[in-house]
Amino acid sequence: MHLDTSPPTSPPARPAPLRIALLGFAALALAGGLFVVRGPLLMAAPACVSGRWQGCFGTFNGVVLMTLVTLPLAVLVAWATARRRRRAGVAGAWRLSLAEVGVVHGTLPFLWMTMMPGGGAGVVPPRVSLVPLRDLVVMGTLGIVGNLLVFAALGFFAPVRWAAVASPARILALGAGCSVLVETAQYVLRLDRVSSVDDVLVNAAGAVLAGLASRRWWRTRADAPAVHRVA
């Protein structure tokens, strides 16, 4: 009897042209996004360069500009952290370091923008909207996209770093919980903003969508060595 001792065949790798095409599409999307926001960013540049921090960090354009400017510093921090972990023999050093830096660098700017006070801060009474889907009508495309991005970095990187949140339901709960805290803070601090249930729904949806995009890199419990019990 002849036994086939050849090793099992691995699944075919993704063709190189397809990878190149995906990278090309990603580069085009990034270039297109920068082209769209180039005008507002250039408007905020003079205030940031001259040290007028109120005009820089006190506007949405200025915050987005500073987020892009500090991106190389964030990459440097991730590299230094990953290098230290690799020396210590930590598995997945780059993945862990990039995820941690990505959560901070991708979430703090949006939190800063959501906590910016309006013109009537401290004067206008707090406002609450608890009717689902009512505010979506007046939110507009830009408002919906902005709300989707608030916790997108958290939803993308958190399950990559922590196995405890590596499921769509847990990412949804994490995004909704963080959003509720933000809406509550806006109400308590009287920032002249509407604390809306629709903001919570859209923020949580953005976190889940971003989490699904990073699913192949999630740090699940399967990463740990499995222990099999022999009967």
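**A walk through a predicted structure**

Asn203 lies in helix 9, which covers residues 197–213. The model in which this residue is seen is a predicted one. Is Asn203 buried or exposed? Asn203 counts as buried, because its relative accessibility is 3% and the term buried applies under 20%. Its surroundings can be named as well. When neighbours within four places in sequence are left aside, Asn203 is in contact with Asn147, Val150, Phe151 and Ser179.

Which residues of helix 4 are buried? They are Ala74, Ala78, Thr81, Ala82 and Arg85. Seen down the axis of helix 4, these buried residues fall within an arc of 100 degrees, so they line one face of the helix. An α-helix has 3.6 residues a turn, so residues three or four places apart point the same way.

What covers the buried residues of helix 4? The cover includes helix 5, residues 93–114, and helix 7, residues 152–161. On the other side of helix 4, the residues Pro72, Leu73, Arg84 and Arg87 are exposed. Helix 4 is followed by Gly89, and the phi of this glycine is positive, near 80 degrees.

Two or more residues of its lining are given by each of helix 3 (60–69), helix 4 and helix 5. Which element provides the largest share of this lining? Helix 5 does, with 7 residues. The lining consists of 15 residues in total, and Thr70, Val104, His105, Leu108 and Pro109 are those nearest the centre of the pocket.

The next region is the loop between helix 8, residues 168–189, and strand 2, residues 194–196, where Arg190 has its place. Asp192 lies in this loop between helix 8 and strand 2 too. Backbone angles draw attention to both residues. Most residues other than glycine have a negative phi. The phi of Arg190, however, is positive, near 55 degrees, and that of Asp192 is also positive, near 60 degrees. Arg190 is partly exposed, with a relative accessible area of 34%. Asp192 is likewise partly exposed, and its relative accessible area is 22%.

How many cavities of 30 Å³ or more does a search of the whole structure find? The search finds 1 such cavity. About 30 Å³ of space lies in the largest cavity. Its lining is made by Val124, Pro125, Pro126 and Arg127, together with Gln186, Tyr187, Arg190, Leu191, Asp192 and Arg193. The lining of the largest cavity divides into 5 nonpolar residues, 1 polar and 4 charged.

Notes. Residues numbered from 1 in each chain as written. Predicted model: local features only at pLDDT ≥ 70, side-chain atom pairs only at ≥ 80, totals over all residues. Heavy atoms only, no water. 1 Å grid on protein atoms, 1.4 Å probe; cavity = no way out; pocket = protein on both sides within 12 Å on 5 of 7 lines; lining within 4 Å. Points joined across faces, edges and corners; volume = space filled by probe spheres on them. Nonpolar A, V, L, I, M, F, W, Y, C, P; charged D, E, K, R; others polar. Buried < 20%, exposed > 50% of the residue type's maximum accessible area, 1.4 Å probe, protein only. Helix = DSSP H or I, 4+ residues; strand = E, 2+ residues; numbered from the N terminus. Arc of directions from axis to C-beta. Contact = heavy atoms within 4.5 Å.
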